[in-house]
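Good morning, colleagues. I ask you to look at the sequence and the structure together as I speak.

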Amino acid sequence: DSMDATGSSYNIKATIVPQLNLDSIILSYARREEQFGTFGWPNKSDSVRAVIGNTSLKIDYTRPSMRGRVIFGGVVPWNRHWRTGANRATKITINHPLNFNDKILPAGEYSIFTMPSPAGWTIMFNKEADIWGTDYDSAHDILRVPMQVEQLIDPVELMTIEVVPTTKGGAINIIWE
């Protein structure tokens, strides 16, 4: 009678309503497509590139919007892996190893997942670089690193990933909600 797909690709909750006329809904969507074209993805693809020292990196990701929703603890459940974006898994490509407080990520391509928690976050780098965001398998994690979390003063509608130089090298910032 109901479905809860929170945290999945669909990210929906639904209840079956017997009096719903699916033919009329399909017809209204067909008319809308005739008039305006197909819906397409509601999320925007983006990438960030940086060169810090002799290391270049690129992060490809899809930027979901808040759209009035509670994100962390809602759309993105606490204590569950998250694709760190939308659609395909976020992907990082690096030409030299990265050092995270003496934990080394070798040069290469990896998918990025995070584990949000009210007590702290973890970033996971996974050997399966070219996968759909819900196809995560922790057995392929090559590195897990605790993250520093800061509360934002103002909400950020569109998820953004940035790479910024620091006095110790660089930081990957994931900014949303």
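First, the basis of the values. This is a predicted model, in which local features need pLDDT of at least 70 and side-chain atom pairs count only at pLDDT 80 or more, while totals for chains, interfaces and linings use all residues. Residues are numbered from 1 along each chain as its sequence is written, and side-chain values use heavy atoms, with hydrogens and water left out.

Let me begin with the aromatic residues. How many aromatic pairs does a search of the whole structure find? The search finds eight. Here, rings of Phe, Tyr and Trp (for Trp, the six-membered ring) pair if their centres lie within 6.5 Å; planes under 30 degrees apart count as stacked, over 60 as edge-to-face, and the rest as tilted.

One of the pairs is formed by Trp82 and Trp176: the ring centres are 5.9 Å apart and the planes are at 15°, so this pair is stacked. Trp82 lies in the loop between strand E4 (55-63) and strand E5 (90-94), whereas Trp176 lies in the segment after strand E12 (169-175); the pair thus links distant parts of the chain, 94 residues apart. Helices (H or I, at least four residues) and strands (E, at least two) are DSSP runs, numbered from the N terminus.

Are these two tryptophans buried or exposed? Trp82 is buried, at a relative accessible area of 7%, and Trp176 is buried, with a value of 7%. By buried I mean under 20% relative accessible area, by exposed over 50%, and by partly exposed anything in between (1.4 Å probe, protein chains only).

A tilted pair is formed by Phe100 and Phe125, with 5.4 Å from centre to centre and 35° between the planes. Phe100 belongs to strand E6 (residues 98-100) and Phe125 to strand E9 (residues 121-126), so that distant parts of the chain, 25 residues apart, are linked. Phe100 is buried because its relative accessible area is 19%, and Phe125 is buried at 0%.

Trp82 and Trp176 also belong to one aromatic cluster, together with Phe72, Trp78 and Trp121.

I turn now to charged side chains. Side chains of opposite charge can pair when their charged atoms come close. The structure holds five salt bridges, a salt bridge being a side-chain nitrogen of Lys or Arg within 4 Å of a carboxyl oxygen of Asp or Glu.

In one of them, Asp46 meets Arg63 at 3.1 Å, N to O. This pair links distant parts of the chain, with Asp46 in strand E3 (residues 44-52) and Arg63 in strand E4, 17 residues apart. Asp46 is partly exposed at 27% relative accessibility, whereas Arg63 is buried at 12%.

Asp130 and Lys91 form another salt bridge, with their closest N and O atoms 2.8 Å apart. Asp130 lies in the loop between E9 and strand E10 (141-147) and Lys91 lies in strand E5, so the pair ties together parts that are 39 residues apart in sequence. Asp130 is exposed, with a relative accessible area of 52%, and Lys91 is buried at 15%.

A further salt bridge joins Asp141 to Arg144, where the closest N and O atoms are 2.9 Å apart. Asp141 is buried at 17%, while Arg144 is partly exposed at 37%. Through salt bridges that share partners, Lys91, Glu109 and Asp130 form one network.

Next, the hairpin. Strand E11 (residues 160-166) and E12 run antiparallel and are joined by seven bridges; two strands pair if DSSP finds at least two bridges between them. Two residues lie between E11 and E12 in this hairpin, and Glu162 stands opposite Asn173 of E12.

Finally, the two serines. Ser65 sits in the loop between E4 and E5 and is buried, with a relative accessible area of 14%. Beyond its neighbours within four places in sequence, Ser65 is in contact (heavy atoms within 4.5 Å) with Asn43, Ile71, Glu157, Leu158 and Trp176.

Ser56, in strand E4, is partly exposed at 29%. Leaving out residues up to four places away in sequence, Ser56 touches Ala50, Val51, Thr93, Ile94 and Asn95. Ser56 and Gly74 are 18 residues apart in sequence, and their C-alpha atoms are 35 Å apart in space.
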